[in-house]
Amino acid sequence: MHSKQREIWRGTLAMTPLSIAVAPWGFLVGAYALEVGLSPLEAQSLSLFVFAGTSQLVALGLMQAQAGFVAIMLTTLLITSRHLLYSMALRDKISPLPARWRYGLGFLLTDELFVHTPSNDGKPLNQWYALGAGLSFYIAWNLATLLGIVAGSAIPNLTELGLEFAVVATFTAMLVPMIRSLAIACCCATASTVAVGTAMLNWQAGLLLAILAGMVAGYLWEQASEYLQLKGPAAKSSAAEEPQ
Amino acid sequence: MIALTLAAMAVLVFASRYLFLEPRLPLELGPKLRRLMGYATPAVLSAVIAPMVLIHQGQLNTDWQNPYLLGAIAAVLIMLISKNTLLSTVLSMLIFVALKFWLFA
């Protein structure tokens, strides 16, 4: 029992920087939900049951723009599809656990928890550590949402204070260390360009299109550079043979 | 309608997080699709950040006094130098607030 508690605490501590960094964003989600017209209970439910910052924020934006149910679901599906990758990466470690652990850790599997859960280190997962990291982040997110709801119902136009920059700040801090190859840089450049272009045209499916375009661009760049690398050394060795 | 939307979102998000943790699921994504999916996270993050930084009231804003743009550049630089998530997030937000409500107000 002692070591379980220690692991929960260790996970909580490891997650603390992100739990703090995400607070303005959770606050924003709470305040913004009221502005869009959700009741305080609905606003808190969004964080309690959906527990996905990007999906929540984008869905609220779509609701404000009077988008339909289908558009909201399609966008949510696309934004959340990256979690398929996380669950696949952690399949070997989590799928042998009892059902309540699989459901629990699955529910808590955010971008932030995935960053703190090594998937290919060859060691078995410390489920108590993952629980501490995931659950503390869940609590921090919901407390921040609650604060946003309370403040949002007391102070009007809270969302005009520029709180949405919290999203930019948090996502930039997560994105920068991810850009480790030209293919990923190409993916980011394409996604950004298409997102800005479609936002200017006011297309509802713009975000969806931008994400797909970025993914395809990164994949194609990767394929092209692999093709050139395969061709490269072969071309060199044949050129080296020429003088003989 | 809002309750239905919230419930459907919760199901979609949980399903995507849980799907491959289910031991009875025999499926795996093909290698090509898996590599394509590897670009999902940077694509999502970029596609969310870029319009927030560059589009305001439906207009492209590349003005040097755009506090979102300067704040984002600050976040990138601080992250590259310090490699510290919390420092980069907090400091870039402070820079943004200082620019928006004080320097360029």
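B:Lys83 is exposed, with 12 other C-beta atoms within 10 Å. A residue counts as exposed at 12 or fewer such atoms. B:Lys83 sits in the loop between H4 and H5 of chain B. Its phi is positive, about 55°, although B:Lys83 is not a glycine.

Is A:Phe51 buried or exposed? A:Phe51 is buried, because 23 other C-beta atoms lie within 10 Å, and the cut-off for buried is 20 or more.

**Model and confidence**

This is a predicted model. The predictor gives the complex an ipTM of 0.87. The pTM is 0.77. For chain B, the mean pLDDT is 89. In that chain, 97% of the residues reach 70 or more.

**Chain A**

Chain A holds 13 helices and zero strands. The chain has 244 residues, and 46% of them count as buried. Its C-alpha atoms fill a box of roughly 85 × 55 × 30 Å along the principal axes. Take the contacts in chain A between residues at least 6 apart in sequence. Of these, 75% join residues at least 24 apart.

**Where the chains meet**

On the chain B side, 57 residues are in contact with 75 residues of chain A. Five elements of chain B each give two or more residues to that side: helix H1 (2-18), helix H2 (31-37), helix H3 (40-54), helix H4 (67-82) and helix H5 (85-103). Which of them gives the most? H3(B) does, with 15 residues. By class, this side of chain B has 42 nonpolar residues. Another 11 are polar and four are charged.

Two pairings between the chains are set out here.

| Helix pair | Axis distance | Angle | Crossing |
|---|---|---|---|
| H1(A) and H5(B) | within 9 Å | roughly 15° | left-handed |
| H11(A) and H4(B) | 9 Å | about 25° | right-handed |

Start with helix H1 (residues 2-21) of chain A, whose axis crosses that of H5(B) at roughly 15°. H1(A) is therefore roughly parallel to H5(B), since angles under 35 degrees count that way. From H1(A), the contact uses A:Pro17, A:Leu18, A:Ile20 and A:Ala21. From H5(B), it uses B:Thr85, B:Leu86 and B:Thr89. Five of the residues in this contact are nonpolar, two are polar and none is charged.

Now take helix H11 (residues 165-175) of chain A, which packs against H4(B) at an angle of about 25°. That angle makes H11(A) roughly parallel to H4(B). What does H11(A) bring to the contact? It brings A:Phe165, A:Val168, A:Ala169, A:Thr172 and A:Ala173. They meet B:Tyr68, B:Gly71, B:Ala72, B:Ala75, B:Val76 and B:Met79 in H4(B). Here the contact divides into nine nonpolar, two polar and no charged residues.

Terms used
Residues numbered from 1 in each chain as written. Chains lettered and ligands numbered in written order. Predicted model: local features only at pLDDT ≥ 70, side-chain atom pairs only at ≥ 80, totals over all residues. Contact = placed C-beta atoms within 7 Å. Helix = DSSP H or I, 4+ residues; strand = E, 2+ residues; numbered from the N terminus. Nonpolar A, V, L, I, M, F, W, Y, C, P; charged D, E, K, R; others polar. Axes fitted to C-alpha atoms, helices over the stretch in contact; angles between N-to-C directions. Parallel < 35°, antiparallel > 145°, perpendicular 65-115°, else oblique. Left-handed = near helix turned anticlockwise from the far one by under 90°. pLDDT = per-residue confidence, 0-100.
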